[in-house]
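Look over the sequence and the structure before reading on.

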Amino acid sequence: MERATQYELQLAARMSRLGTETAFEVLNKARALERQGRSIIHLEIGEPDFDTPANVIEAGVDALRKGWTHYGPSAGLPELRQALAEYVSRTRGVKVTSDEVVVVPGGKPIIFFTILSLIDVGDEVIYPNPGFPIYESMIRYVGGTPVPIHLHEERDFSLDVNSLASLINGHTKLIILNSPQNPTGGVLPRRDIERIANAIGDRNIMVLSDEIYSRLLFDGGEHFSIMSVPGMQERTILLDGFSKTYAMTGWRMGYGVMRPDLATHMTRLMTNSNSCTASFTQVAGIEAIRGDQSSVDRMRDEFQRRRDVFVAGLNQINGFSCRMPKGAFYVFPNISKTGWKAKPLADALLDQAGVAALSGTSFGAFGEGYLRFSVANSLENLQEALRRLDRWTQTNL
Ligand SMILES: Cc1ncc(COP(=O)(O)O)c(C=O)c1O
């Protein structure tokens, strides 16, 4: 709220370059409508609707009782860093030691800290578009030059390696990859990841590999990381976390895996910003990573079931056509045949149909013509959303 004051707010210039994540704004608007008595189906926010697994909650509560309520080391508790080093070594087939792991409050700080620690004014960063909006926001914030790589529907939103190769030049400092991808559910196949490594060759370019959805691959798909390609480990910063895999969005915990000299600098950024990730959260994280994993598979199977129903339903709706996403929990239908632009359509669907979705343009300019729906809601609610969308298009198109 604006306040009358004789002192003008003198923001730093960089604040005008900071972007946002629209999901939180749409969520607020949807909640305001609900307070007026409206029924809204929430398909806007990217978080699992499941509870955190019981064994993890128990470990967190137990940790609170046992006094894990104090500061810990900035880079994370040694036992969690060790557990994560073992997990990444096993799942990515590389040798990782605990001094290469930095634990932070969520996946997002790894994006921020990577860009803060590597990007100077004028450095170019190649990033997926449509893509997670925080990449472009952070690149601009630090004065870097964002270089979008356009993801195309015809390729199931998997990036074209030749296009990527043509964007690399002497100013390229960082390439951001994200597979499985938000917002499209696109997945980079292993052979393309190997070709990307080939295109980078022996250039001194770093790769931020955002693998936060690595455990959410459908139809038996297997995750593959660019960190696993021989020669790429020391040029890769792997981002992974607990938010999506273990339904732990509100606990705030993620991690980066990177060469130890860079890990030291990320740790300095942690000391300067957060001091450390919450200690009891990290103790719960040890249980999440080492304990029973059956809930992870159950959640993935349920997301796949919902994806199948929702995509099939969308394809029956006038003006919508939708590819089958291969991972994550989003669907990204083409809505250009409705004759509407994405943002006004998302607004109208919220206001008039009671379905909250995000405009594809929330994920960059190349998201025009698409909407993003999260299938992290019950099958009943997804079916009701389909009925509402169908009714709305029958009346309005
Ligand atoms: C691609 C991607 N990376 C990172 C994050 C950040 O996750 P966290 O909530 O752990 O900060 C998200 C969350 O939506 C995401 O979609």
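## Salt bridges in the model

Arg140 has a relative accessibility of 38%, so Arg140 counts as partly exposed. This is a predicted model. Arg140 forms a salt bridge with Glu136. The two residues sit four residues apart in helix α5 (residues 133-141), so about one helical turn separates them.

Why can such pairs form? Side chains of opposite charge can pair when their charged atoms come close.

A search of the whole structure finds 26 salt bridges. Three of them are listed here.

| Salt bridge | N to O distance |
|---|---|
| Asp240 and Arg92 | 3.0 Å |
| Arg140 and Glu136 | 3.0 Å |
| Arg155 and Asp192 | 3.8 Å |

Take Asp240 and Arg92, which form a salt bridge. This pair links distant parts of the chain, 148 residues apart. Asp240 belongs to strand β7 (residues 236-241), and Arg92 to helix α3 (residues 78-92). Both Asp240 and Arg92 are buried.

Next come Arg155 and Asp192, whose side chains meet in a salt bridge. Arg155 lies in the loop between β4 (145-150) and α6 (161-167), while Asp192 lies in helix α7 (residues 190-200), so the pair ties together parts that are 37 residues apart in sequence. Are these two partners buried or partly exposed? Arg155 has a relative accessible area of 34%, so Arg155 is partly exposed. Asp192 has a relative accessibility of 5%, so Asp192 counts as buried.

Salt bridges can also share partners: in this way Asp49, Glu302, Arg305 and Arg306 are joined into one network.

Definitions and conventions
Residues are numbered from 1 along each chain as its sequence is written. This is a predicted model: local features need pLDDT of at least 70, side-chain atom pairs count only at pLDDT 80 or more; totals for chains, interfaces and linings use all residues. Side-chain values use heavy atoms; hydrogens and water are left out. A salt bridge is a side-chain nitrogen of Lys or Arg within 4 Å of a carboxyl oxygen of Asp or Glu. Buried means under 20% relative accessible area, exposed over 50%, partly exposed in between (1.4 Å probe, protein chains only).
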